[in-house]
Amino acid sequence: MTTSELMTIGAFARATGLTPGSLRFYADSSLLPPAWVDESTGYRYYAPEQVEQAVTIRRLREIDMPLDKVSRVLAGDTTHIDEHVNTLVDDAHRARQAAAHIRAALHIEKGTTMMTLNGPVFANAVEQILTATAHDPDHPVLAGVYLEAQDDILTLTATDRFRLSTRTMQVAQEFSSTWSALIDGDDLRSALTAVRQQHRVNLSIGPSGVDFQPADRHCRTLQEEFPDYRSMLNSLPAVSTRVVLSKTALQKSIENQENKYLTVAVGEDRVRVSAPGSTVHSDIEATITGAPVDLAFEVTTLYPAVASALGPDVMIDISGTDMPVVVRSADNGDLTTLAMPVDAKAFR
């Protein structure tokens, strides 16, 4: 196959219903590597025959199947499909009841809008990003959520200087223009209840802010310039250790910590979470590539990064003990959060 027959990551994303961020996540998980990577540019290309496999992955992840089971299904062990579905019966029943209430309450106004969003999905995305905002009179930009719209993808980003979270989501109706705006985080927070109650919410932007209809909510824009977070992400050193593990297990182990700080010891095939100097610990099985490393965090820094993650798994990229770790997850969009560790030597 010649390179001209390959698909760019953008074209492949549109063909499969996955976002480029999700494709990078699955490539780095060795679940769906690209057919070819241009070494000079880093651009990833996919073969047309990979579309079916990518769609299968998307469908399996839509029912929250963990990466290890997805890999086994792709290898031919389809028994994991029925086993997984059987565990979701109660959740599916509750989802059907909720969907019935939403359909009964659905009311969409006609008119020209910039984009149409899934209300509950957008509200959840905002809540995930709001964990990385802060109130600082000298830096009002830290209280804002940066919205960027391009093609059919909406990106939300926020930072409090100790954390940075960026989240993508697909819009319900494609829009033609590209735009960005820094939205007041408190206004967004107060609008979430009304937005979440709408199955479809229409977002339009004006000189003073954004409007959500029929939720009848207005959120102000901030005039400050948002930091160039993409350069920040691209300037991080190369990953020396990568960890993929269960979000639920990691979240539970952090919740059980009574200390303000916790240590995270990455070994060969598991992660150990404990309080500094404590002999009580939680061991979590993980897929680990790279060298063992010991890290320490404030609970209030690491917990939001894990708790707000998408899907059943999180990927943690580590560049060093004094560099931000990158917590990544993907399902119905992708979420990336930077969390800054503290000096682990202080606890020894």
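Two strands are taken to pair if DSSP finds at least two bridges between them. Helices (H or I, at least four residues) and strands (E, at least two) are DSSP runs, numbered from the N terminus. The structure is a predicted model, in which local features need pLDDT of at least 70 and side-chain atom pairs count only at pLDDT 80 or more, while totals for chains, interfaces and linings use all residues. Residues are numbered from 1 along each chain as its sequence is written, and side-chain values use heavy atoms, with hydrogens and water left out.

Strand β17 covers residues 313–318. β17 pairs with strand β18 (residues 325–330) in the antiparallel sense, over 3 bridges. The two strands form a hairpin, with 6 residues between them. Within this pairing, D317 stands opposite V326 in β18. β17 also runs antiparallel to β12, and 6 bridges join these two strands. Here S246 stands opposite D313 of β17.

D313, M315 and D317 point one way from the strand. V314, I316 and I318 point the other way. Residues of both groups are buried.

A separate description applies to an open sheet of 3 strands. Its order is β1-β3-β2, and its pairing is antiparallel. β1 (7–8) and β2 (36–37) each have a single partner strand and stand at the edges, so one side of each is left without a neighbour in the sheet. Strands of a sheet pair through backbone hydrogen bonds, either parallel or antiparallel. β2 and strand β3 (residues 44–46) are joined over 2 bridges in the antiparallel sense. W36 stands opposite Y45 in β3.

Charged pairs were examined next. A salt bridge is a side-chain nitrogen of Lys or Arg within 4 Å of a carboxyl oxygen of Asp or Glu. The structure holds 17 of them. One joins D28 to R242, with the closest N and O atoms 3.8 Å apart. This pair links distant parts of the chain: D28 belongs to helix α2 (residues 20–28) and R242 to strand β12 (residues 241–246), 214 residues apart. D28 is partly exposed, at a relative accessible area of 22%. R242 counts as buried, at 19% relative accessibility.

R72 forms a salt bridge with D68, and their closest N and O atoms are 4.0 Å apart. Both residues lie in helix α4 (residues 67–74), and being 4 residues apart they are separated by about one helical turn. R72 counts as partly exposed, at 40% relative accessibility. D68 also counts as partly exposed, at 42%.

In the salt bridge between D187 and R220, the closest N and O atoms are 2.7 Å apart. This pair too links distant parts of the chain: D187 is in helix α8 (residues 185–196) and R220 in strand β11 (residues 217–220), 33 residues apart. D187 is buried, with a relative accessible area of 12%. R220 is partly exposed, at 46%. Elsewhere, salt bridges that share partners join D28, R44, R242, D317 and R328 into one network.

Helix α8 also packs with helix α7 (residues 119–130); contact here means heavy atoms within 4.5 Å. G119, P120, F122, A123, N124, V126, E127 and L130 in α7 meet G185, L188, R189, L192, V195 and R196 in α8. The helix axes come within 9 Å and cross at roughly 150°. Axes are lines fitted to C-alpha atoms, for helices over the stretch in contact, and angles run from 0 to 180 degrees between N-to-C directions. α7 and α8 are therefore roughly antiparallel to each other. Angles under 35 degrees count as roughly parallel, over 145 as roughly antiparallel, 65 to 115 as roughly perpendicular and the rest as oblique. α7 passes α8 in a left-handed crossing, meaning that the near helix is turned anticlockwise from the far one by less than a right angle.

R217 lies in strand β11. This residue is partly exposed, with a relative accessible area of 36%. R217 and A191 are 26 residues apart in sequence but 6.0 Å apart in space, C-alpha to C-alpha. Leaving aside neighbours within four places in sequence, R217 is in contact with S190, A191, A194, V210, D211 and F212.

Technical notes:
Buried < 20%, exposed > 50% of the residue type's maximum accessible area, 1.4 Å probe, protein only.
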